[in-house]
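This briefing covers one protein chain for a reader who works with coordinates.

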Amino acid sequence: MNPFSPQILNPAKARSERDRLHAAGKKLVFTNGCFDILHRGHVAYMAFARAQGDALCVGLNSDASVRRAKGPNRPINPEDDRAIVLGSLRAVDFVVLFDADEPKELIAQILPHVLVKGRDWAHYVSGRDVVEANGGKVVLADMVEGRSTTGTIERVLAVYGPKPAQS
């Protein structure tokens, strides 16, 4: 797939891609998240996820699901922009938007061979049961210390946010 032409697929097309890969003896990797402001941690995470198989599908939270999870001020970037930027990463083969609070149903539709989540989610990996019941595996990725979207927002606000009134 061409990394400079992001593919944003619906779940049925993503499943077709999974089936095509499976027939060729290849593995589809799936991960998911908000990926609101891409940073070094995200890039390292995507590279790690992609290295677990032959193609990487990223489930991307819709704007509405990000607001439910992160509050009314998020996302910073709208879903279409996030999907295009994310899909432009060399490691990402295609992106699927989803509106649910967690991706379990999407994972059940696509049935990836490998499910990757950050180690910070080790306590609960949505879709783990579906993937493992179908012979797949779950892999936990280490996080890049000091890199997070929240941290990026906090640094921007510290520099460009409202200045305290001077007396």
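Which residues of β4 are buried on one side and which on the other? V114, V116 and G118 are buried on one side of β4, and L115 and K117 are buried on the other. The model is a predicted one, in which local features need pLDDT of at least 70, side-chain atom pairs count only at pLDDT 80 or more, and totals for chains, interfaces and linings use all residues. Residues are numbered from 1 along each chain as its sequence is written, and side-chain values use heavy atoms, with hydrogens and water left out.

**Sheet layout**

- Five strands make up an open sheet in the order β3-β2-β1-β4-β5, with parallel pairing; strands pair if DSSP finds at least two bridges between them.
- The edges are held by β3 (94-98) and β5 (137-141), each of which has a single partner strand, so one side of each is left without a neighbour in the sheet.
- From one strand to the next, the twist averages 25 degrees.
- Strands here are DSSP runs of E with at least two residues, and helices are runs of H or I with at least four, both numbered from the N terminus.
- Strands of a sheet pair through backbone hydrogen bonds, either parallel or antiparallel.
- Helix α4 (residues 79-87) lies across β2 (55-61) and β3, and runs at about 165 degrees to β2. Axes are lines fitted to C-alpha atoms, for helices over the stretch in contact, and angles run from 0 to 180 degrees between N-to-C directions.

**Strand pairs**

- β1 and β2 run parallel and are joined by six bridges; F30 stands opposite C57 in β2.
- β1 and β4 also run parallel, with two bridges between them, and V29 stands opposite V114 in β4.
- Five bridges link β4 (residues 114-118) to β5, again in parallel. In this pair K117 faces L140 in β5, and the β5 bridge partner of V114 is K137.

- In β4, five of its five residues are buried, where buried means under 20% relative accessible area, exposed over 50%, and partly exposed in between (1.4 Å probe, protein chains only).
- β2 is mostly covered too, with seven of its seven residues buried.
- In a regular strand the side chains alternate between the two faces of the sheet.
- Both faces of β2 are covered: A55, C57, G59 and N61 are buried on one side, and L56, V58 and L60 on the other.

**Largest pocket**

- The largest pocket has a volume of about 780 Å³.
- Among the 34 residues that line this pocket, G33, C34, K70, K117 and W121 are the closest to its centre.
- A pocket is found on a 1 Å grid over the protein atoms alone, as an open set of points with protein on both sides within 12 Å along at least five of seven lines, whereas a cavity is a set of points where a 1.4 Å probe fits but cannot get out; lining residues have an atom within 4 Å of a point.
- Grid points are joined across faces, edges and corners, and a volume is the space filled by probe spheres set on the points.
- At least two lining residues come from each of β1 (28-33), α2 (40-50), α3 (63-70), β4 and α7.
- The most come from α2, which gives five residues.
- The lining has 14 nonpolar, eleven polar and nine charged residues. Ala, Val, Leu, Ile, Met, Phe, Trp, Tyr, Cys and Pro count as nonpolar, Asp, Glu, Lys and Arg as charged, and the others, Gly among them, as polar.

**Buried residues and their contacts**

- T152 belongs to helix α7 (residues 149-160) and is buried, at a relative accessible area of 17%.
- Leaving aside neighbours within four places in sequence, T152 is in contact with I37 and H39; contact means heavy atoms within 4.5 Å.
- L9 lies in the segment before α1 (11-23) and is buried, at a relative accessible area of 12%.
- Not counting residues up to four places away in sequence, L9 touches A14, E17, F94, V95, V96 and L97.

**Backbone geometry**

- R74 and P75 are joined by a cis peptide bond, with omega about 0 degrees; P75 lies in the loop between α3 and α4.
- F35, in the loop between β1 and α2, has a positive phi near 45 degrees although it is a residue other than glycine. F35 is buried, with a relative accessible area of 8%.
- L111 is not a glycine, yet has a positive phi of about 55 degrees. L111 sits in the loop between α5 (104-110) and β4, and counts as buried at 14% relative accessibility.
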